[in-house]
Amino acid sequence: MDRVLRLGVQWVELDFDWGEWQYFPNSPQDWSGWDRIMASAQARELRVLVRLHGSPAWSNASASPSAPPDDFAFYAAFAVALAARYPSVLDGLEVWYHPNRPESWRTSGGPSPQAYAQLLTLTAQAVHAQRPGVLVISGALAEEPGESDYLAALSASGADCVGVESLGAPGAT
C-alpha cells in the first residue's frame with residue numbers, strides 16, 4: 001500500500017474473487033488476510049473499491065468460478081457481509097467483471113443483460129440497505145457486441161455508477 005500511496009492517489013481497487021473465498025455454503029470465513037489489507041488501506045487513508053466477482057462451485061450448477069450463482073441472493077448476501085465487515089474503509093463495490101463476456105459470465109445461454117441487471121439490482125438494494133453510502137458500480141463492460149443492450153438494462157438497476165472499459169480501442173464510444 002505504501003507504493004500506492006507514493007503515487008498520490010486516493011483510491012485503490014482490490015480484486016475479490018468470491019469463488020475462491022467461500023468453498024462451502026454457510027462456512028465460516030477466515031477474514032484475517034482481508035482484515036490486514038483493509039487495515040493497511042485505512043491506515044493510509046486510502047478509499048477502497050472492491051471488485052467482487054466469481055462464485056463458489058456450490059452456488060451454481062456449472063460449478064464454474066466464472067458462472068454467476070444460480071440464486072443471486074447468495075451473491076448479494078456475500079456483498080452485504082463484505083460491506084458490513086468493513087464499514088469504515090469500503091467505499092465502493094463493483095458487481096462482477098465483464099458480465100457481457102462469455103468467459104466471465106459462463107451460463108448455458110451465455111451473457112444476458114437482463115440476468116446481469118437482476119444481479120446488480122438485487123446486490124445494490126441489499127448493500128444500500130446495509131450501507132447507504134457505499135457506491136455500487138456495475139461491472140466494467142468489455143467491448144463486445146450488445147454493449148448498448150447492457151447499458152439499457154442497467155438504467156433501472158439502482159447502481160450508482162456504470163463501469164465501462166474501453167482500453168482506448170479504435171472506434172470505442
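Biologist: What makes Leu-151, Val-162 and Val-164 a nonpolar surface patch?

Modeller: These residues make a nonpolar surface patch of about 230 Å². Patches take residues with over 30% relative accessible area and no salt bridge, nonpolar side chains (Val, Leu, Ile, Met, Phe, Trp, Tyr) being joined within 5 Å and like charges within 9 Å. Areas follow the Shrake-Rupley method with a 1.4 Å probe, and for residues only the protein chains shown count as cover. The model is a predicted one, in which local features need pLDDT of at least 70 and side-chain atom pairs count only at pLDDT 80 or more, while totals for chains, interfaces and linings use all residues. Residues are numbered from 1 along each chain as its sequence is written, and side-chain values use heavy atoms, with hydrogens and water left out.

Biologist: Why is Val-164 called partly exposed?

Modeller: Val-164 has 48% relative accessibility. Buried means under 20% relative accessible area and exposed over 50%, with partly exposed in between (1.4 Å probe, protein chains only); Val-164 is therefore partly exposed. Val-164 lies in the segment after helix H5 (147-154), where helices (H or I, at least four residues) and strands (E, at least two) are DSSP runs numbered from the N terminus.

Biologist: How do you know that Arg-51 is buried?

Modeller: The relative accessibility of Arg-51 is 16%, so this residue counts as buried. Arg-51 belongs to strand E2 (residues 47-53). Leaving aside neighbours within four places in sequence, Arg-51 is in contact (heavy atoms within 4.5 Å) with several residues, among them Leu-14, Phe-16 and Tyr-97.

Biologist: What makes the pairing of Arg-51 with Glu-13 a polar contact?

Modeller: A polar contact is a pair of N or O atoms within 3.5 Å; within protein, one must be able to donate a hydrogen and the other to accept it, and residues adjacent in sequence count only if both atoms are side-chain atoms. The side chains of Arg-51 and Glu-13 make such a contact at 3.4 Å. The side chains of Arg-51 and Glu-94 are joined by a polar contact of 3.5 Å.

Biologist: Why is Arg-131 called buried?

Modeller: Arg-131 has 14% relative accessibility, so it counts as buried. Arg-131 is placed in the loop between helix H4 (113-130) and strand E4 (135-138). A polar atom of the Arg-131 side chain lies 2.9 Å from the backbone oxygen of Ala-83, and one lies 3.4 Å from the backbone oxygen of Tyr-86.

Biologist: Which other salt bridge links distant parts of the chain?

Modeller: The side chains of Asp-91 and Arg-47 meet in a salt bridge of 3.6 Å, N to O. Asp-91 in strand E3 and Arg-47 in strand E2 are 44 residues apart. Arg-47 is partly exposed, because its relative accessibility is 38%.

Biologist: How many salt bridges does the structure hold?

Modeller: The structure holds eight salt bridges. One of them joins Arg-101 and Glu-103, with closest N and O atoms 3.3 Å apart. Salt bridges that share partners join Glu-13, Asp-15, Arg-51 and Glu-94 into one network.

How values were computed:
Salt bridge = Lys/Arg side-chain N within 4 Å of Asp/Glu carboxyl O.
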